[in-house]
Every structure is written in C-alpha cells, then in structure tokens.
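I opened the model to look up a few things and noted each one as I went. Confidence came before geometry.

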Amino acid sequence: MEKLISEFSVGLFFWQLVIFVSLILLLRKFAWKPILSAVDERETKISEALDQAEKAKAEVARLQSNNEALLREAQAERDAILKAARDAKEAMITEAKTKASEEANRMIEQARESIRNEKMAVMTELKNQLAAFSLEVAEKLVKEQLSTNTKQAELANKLVSEIKLN
Amino acid sequence: MLKPYITAIFTFFIVFAGFASAGHNEAQGAESKDIKTEIKSYINHHLQDSHDFNLFELNGSHVGFPLPVILWDNGLHLFLSSAFHHGETVAESNGNYYTLFHNKVYRTDAAGSITLDDHQHPTNVAPLDFSITKNVFMILVVALLMLWMFGSMSRSYKSGKGLPQGVGRFLEPIILYIRDDIAIPNIGEKHYKKFMSYLLTVFFFIWIVNLFGLTPLGVNVTNNIAITFCLAILTYLITTFSAKKDYWMHIFWMPGVPAPMKLVLAPIELLGTFIKPFSLMIRLYANITAGHIVMMSIIGLMFIFKNWLGSSLSFFLAFVLSILELLVAALQAYVFTMLSALYFGSAVEEHHHEEAHH
C-alpha cells in the first residue's frame with residue numbers, strides 16, 4: 001500500500017484525467033453518438049423491412065387465395081355455361097325430332113286421306129259403271145224374257161200373286 | 001483448458017532447467033549474479049514511468065527521443081528531458097537546479113547533491129511534476145489514435161449508407177457487444193444510453209493501451225496506479241452522481257431488514273461503495289503489472305540459463321505467456337467495463353418495494 005502511494009504520480013493522474021475526460025467528450029460528440037444512432041437507424045430499418053416483407057408475403061398469400069377463388073368461380077361459371085349449352089342443344093334436338101315426326105305423321109295422314117278419297121272416287125265410278133252394266137244386262141234380259149206374250153202374262157201373274165192385299 | 005498445459009510446461013521447465021543450469025552455476029556464479037541484478041533493474045526500470053522515450057539501448061547509449069518536462073516550483077519551469085542526460089546531469093531552469101533520482105524530479109543545487117533519510121528516501125524538495133512523460137505521451141498517442149479510428153468509422157456510416165467501412169467492420173461488433181451484452185443487461189434498456197460513451201471509451205482505451213504495453217516499445221500505461229486510480233474515480237463519480245433515491249436508500253436504510261440491522265448495514269454498505277471502485281483500480285493495476293513482471297522474468301531467464309534447453313524452453317514459455325497476455329489485455333478491459341456497467345446499473349435501478357423484497 002505504501003509502495004502504491006509512493007508510486008502515485010500526480011502529474012500522470014492530472015494528464016490522464018484531462019486527456020481521458022476530453023477523449024470521452026470528443027468521442028461522444030464525433031464517434032459514439034453518430035455510430036450508435038447509425039446502428040440504431042439501421043436496426044430499425046432492418047426490422048421495418050422485415051415487417052414489410054412479412055406484410056408483402058401475407059398480401060401475396062391473400063392475392064393467391066383470391067386468385068384461386070376467382071379461378072374456381074370462373075371454372076364453375078364455365079361449367080354452368082357449358083351445361084346450359086348442352087341442355088339447349090339436347091332440347092333443340094328433341095324439339096326438332098318431335099317436330100319432324102309430327103310432320104311426317106301429318107304427311108302420312110294426308111297421304112292416307114287422299115288415298116282414301118281416290119279409292120272412294122274409284123269405287124263410286126266403279127259402282128256407277130257396274131250399275132250401268134247391270135241395267136244394260138237387265139234390259140237385255142228383260143227384252144229377251146218378255147219377248148213373248150205368255151211370258152209377260154206369267155210375270156204379271158207372279159207379281160200379282162206376290163202382292164198381298166191386306 | 002490452458003491451465004493443465006501451463007502447469008505441465010512449468011514442471012518440465014523447472015526440473016530440466018534445474019539440471020541444466022546446475023553445471024554452470026559454479027563456473028559462472030559471479031557472472032550470472034551480475035546478469036540477475038541487471039535483469040532485475042531492467043524489469044524495475046521497465047515498469048516505471050520515465051521522462052524520455054527510450055526505444056532501446058545500444059552499446060550503453062540510449063536510443064529514443066526526449067520529452068518536455070513541465071515543473072511547477074514557485075513558477076513554471078519548462079525544458080526538454082534531454083537536459084537530464086538520463087539522470088546523469090543536473091538540469092538548470094530559471095535559476096533552479098533539478099535532477100532525476102529513481103525517475104523522480106527533485107530540486108537540487110548546482111552539484112546535484114541528494115540527501116537521503118534513514119529509509120533511503122530523498123529529503124530534497126520534489127516540485128509538482130506535470131511533465132509529458134513516456135506514459136502521458138502514450139496516452140496522447142492512444143487518444144489521438146482512438147479519435148482518428150472512431151471518427152473515421154462514424155464518417156464511414158454516412159458514405160456507406162448505414163454500413164461501416166474498413167476498420168469499422170471489425171469494431172462495430174465489439175461496440176454492439178458492449179451495448180447488447182454489457183450495457184443493456186446490467187444497466188437496463190431505460191438508462192443505458194447516457195453511460196454508453198463512458199463504457200465504450202473506457203473499454204477501448206484500456207484495451208488499446210494494454211495492447212501497446214505488449215509491444216516491445218515498453219510503454220506500460222495501465223501498470224501505473226495513477227492511471228487506474230483515475231479510471232476508477234471516474235466510475236465512482238459517475239455512479240455517485242447518477243445514483244437515484246433507491247441507491248441511497250439501499251445504502252443508508254436497507255429496506256426489508258430489522259432496524260438494528262439497518263444500523264449495522266449502513267456503514268458496511270457505505271464502505272462498499274468505496275471498495276467497489278478501489279477493487280477496480282487494484283485489479284487492473286495488479287493484473288497488468290504481474291503479467292509484465294512474469295513475462296519479463298521469463299524472457300530474462302533466457303540470459304541466465306544460456307543453454308539451448310533452458311533458453312528454448314523459456315522462449316516457448318514466453319511465447320505462450322504472450323498469447324495469454326493478449327487475452328488478459330482484452331479481458332481486463334472487459335472486466336473493468338462490465339463492473340462499471342454493473343455499478344451504474346445498481347445506481348439507476350428502480351425497485352418496487354411494495355412487492356416482495358429479499
């Protein structure tokens with residue numbers, strides 16, 4: 001302890017105090033404050049940038065899910081449109097088919113009708129012809145049979161007999 | 001991890017060196033005694049401050065440069081230390097005569113006579129010595145170096161868009177370490193900022209000065225008690241003046257203990273506030289001084305043994321110790337900063353007395 005006290009140099013203490021305190025003050029002004037504030041600034045910047053990156057990531061995820069939803073919607077819409085088109089096609093085909101068959105039936109019916117009419121006309125014609133033929137034949141026959149007086153009398157008798165007087 | 005190796009080396013070294021030197025002891029007894037006293041005086045000289053900057057000694061003449069001597073002795077006396085001729089002559093200034101005795105300046109007469117008392121202490125008047133000694137010169141150099149280094153570092157942030165350039169890339173992690181692992185945990189997020197300037201300056205100052213002490217320049221600033229006293233007193237003053245109510249409360253009226261205990265604790269706690277910076281002062285001083293004494297003794301052993309085994313072993317040991325001293329240089333700076341931060345932390349701490357207290 002005594003050695004330490006005898007070793008103590010006032011001059012050295014004085015200079016150390018002066019130089020060291022001014023060193024602290026100078027460094028505080030010219031080095032520590034700018035350095036620490038620069039570091040602080042950088043650290044806040046980094047953490048802000050990280051925050052922003054996180055936000056951007058969330059935004060991208062949100063957009064992606066949005067896109068997916070949109071895509072799904074579009075697909076659903078497409079499916080609906082396609083389905084409607086298919087339905088319309090089928091409906092049209094069925095309608096066309098019914099119409100066609102109806103037309104065909106109608107035409108067939110018309111044909112049948114005209115055939116029936118033709119047939120009737122032919123039949124009537126035929127009946128008329130037959131009647132004419134029959135009359136001719138009957139005329140000829142009657143002419144033949146009633147060529148004699150006896151035969152005329154016989155017929156008159158017969159007809160008279162057939163008439164019943166009630 | 002290092003300790004067992006050092007122990008093994010020490011044992012090996014002592015055993016073999018003992019054998020090796022045994023043969024030489026008698027033949028070279030007188031010579032080695034001379035060398036021993038020379039080494040001893042050299043070590044003592046190395047540990048002391050000096051008025052001129054000696055780089056080395058060549059054939060008995062000193063190579064270096066003189067420094068200004070500033071004395072206050074009923075008036076200012078200013079002259080260059082070359083006037084002492086390394087303590088061999090008397091320097092004259094404004095009609096007063098001064099001489100060096102064990103590296104201290106004393107007022108004397110034209111003949112340079114020194115009268116000693118019973119304890120071999122000179123009775124001559126010692127003027128107030130504000131000389132720019134070797135250590136003061138070194139402190140100035142380190143201060144300018146730090147100003148330049150950190151000044152350019154702080155400027156490099158502007159040009160580097162918030163990133164350090166050059167030496168700042170190495171220094172920034174250290175600054176951040178002091179902030180994040182020393183200041184904030186010990187002082188707290190709220191108050192740490194106002195202590196940062198002191199902590200950073202004291203850390204880098206002690207570290208750089210210690211590193212300079214390891215160079216062959218032989219400037220050993222931190223083994224002067226005046227230096228460590230100055231640093232410790234600054235820590236003490238900052239602690240005391242930034243102390244809050246709670247700090248004084250804990251010293252003079254410790255909460256949570258019975259009244260008689262409070263009376264007993266108060267002087268102990270008060271003494272503790274002085275012992276803390278005192279231990280800072282002694283720790284730094286003793287560590288660096290001891291390191292240098294051991295280091296130089298081992299280097300000195302090379303010249304005592306003068307054989308291949310002892311000398312190469314002491315060379316190896318000196319090499320290992322240099323590495324250890326490199327670690328100690330940083331470690332002591334760390335410990336000083338760390339403990340200062342701890343004391344500042346206790347000064348600004350705010351307790352919540354209503355809640356549980358030990």
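**Entry 1: confidence.** I sorted the elements of chain B of this predicted model by mean pLDDT. Helix α1 (residues 2–27) of chain B comes out lowest, with a mean of 50. Helix α5(B) comes out highest, at 94. For chain B as a whole the mean pLDDT is 82, and 89% of its residues reach 70 or more.

Where pLDDT is low, the predicted coordinates should not be read in detail. For the complex, I noted the predictor's ipTM of 0.81 and pTM of 0.73.

**Entry 2: where the chains touch.** How many residues does each chain bring to the contact? I get 30 from chain A and 33 from chain B. On the chain A side, α1 (2–7) and α2 each supply at least two residues. Helix α2(A) gives the most, with 26 residues. By class, I listed the chain A side as 22 nonpolar, three polar and five charged residues.

**Entry 3: α2(A) against α5(B).** Two packed helices are described by the angle between their axes and the distance between the axes. I looked up both here. Helix α2 (residues 10–145) of chain A packs on helix α5 (residues 196–214) of chain B at about 110 degrees, and the axes are 9 Å apart. The range 65 to 115 degrees counts as roughly perpendicular, so α2(A) is roughly perpendicular to α5(B). I noted the crossing as right-handed.

Which residues meet? From α2(A) I listed A:Phe20, A:Leu23, A:Ile24, A:Leu27, A:Arg28, A:Trp32 and A:Leu36. From α5(B), the partners are B:Met196, B:Ser197, B:Tyr198, B:Leu200, B:Thr201 and B:Phe205. By class, this contact has 10 nonpolar, two polar and one charged residues.

**Entry 4: α6(B) against α9(B).** I moved to a helix pair within chain B. Helix α6 (residues 225–242) and helix α9 (residues 308–348) of chain B pack at about 20 degrees. Their axes lie 8 Å apart. Angles under 35 degrees count as roughly parallel, and α6(B) and α9(B) are therefore roughly parallel to each other. I logged a right-handed crossing here.

On α6(B), the residues in contact are B:Leu231, B:Thr235, B:Ile238, B:Thr239 and B:Ser242. They meet B:Phe336, B:Ser340, B:Tyr343, B:Phe344, B:Ala347 and B:Val348 of α9(B).

**Entry 5: strands of chain B.** I traced an open sheet of three strands in the order β4-β3-β8 (chain B), with antiparallel pairing. Strand β3 (residues 68–72) of chain B joins β8(B) over two bridges. B:Trp72 stands opposite B:Leu128 in β8(B).

Next I checked β6 and β7. Strand β6 (residues 96–101) of chain B runs antiparallel to β7 (residues 104–108) of chain B, joined by five bridges. B:Phe101 stands opposite B:Lys104 in β7(B). β6(B) and β7(B) form a hairpin with two residues between them. In the turn, I found B:His102 with a positive phi of about 50 degrees.

Note on methods
Residues are numbered from 1 along each chain as its sequence is written. Chains are lettered from A and ligands numbered from 1 in the order in which they are written. This is a predicted model: local features need pLDDT of at least 70, side-chain atom pairs count only at pLDDT 80 or more; totals for chains, interfaces and linings use all residues. Axes are lines fitted to C-alpha atoms, for helices over the stretch in contact, and angles run from 0 to 180 degrees between N-to-C directions. Helices (H or I, at least four residues) and strands (E, at least two) are DSSP runs, numbered from the N terminus. Angles under 35 degrees count as roughly parallel, over 145 as roughly antiparallel, 65 to 115 as roughly perpendicular and the rest as oblique. A crossing is left-handed if the near helix is turned anticlockwise from the far one by less than a right angle, and right-handed if clockwise. Two residues are in contact if their C-beta atoms, placed from the backbone, lie within 7 Å. Ala, Val, Leu, Ile, Met, Phe, Trp, Tyr, Cys and Pro count as nonpolar, Asp, Glu, Lys and Arg as charged, and the others, Gly among them, as polar. Two strands pair if DSSP finds at least two bridges between them. pLDDT is the predictor's confidence in each residue, from 0 to 100.
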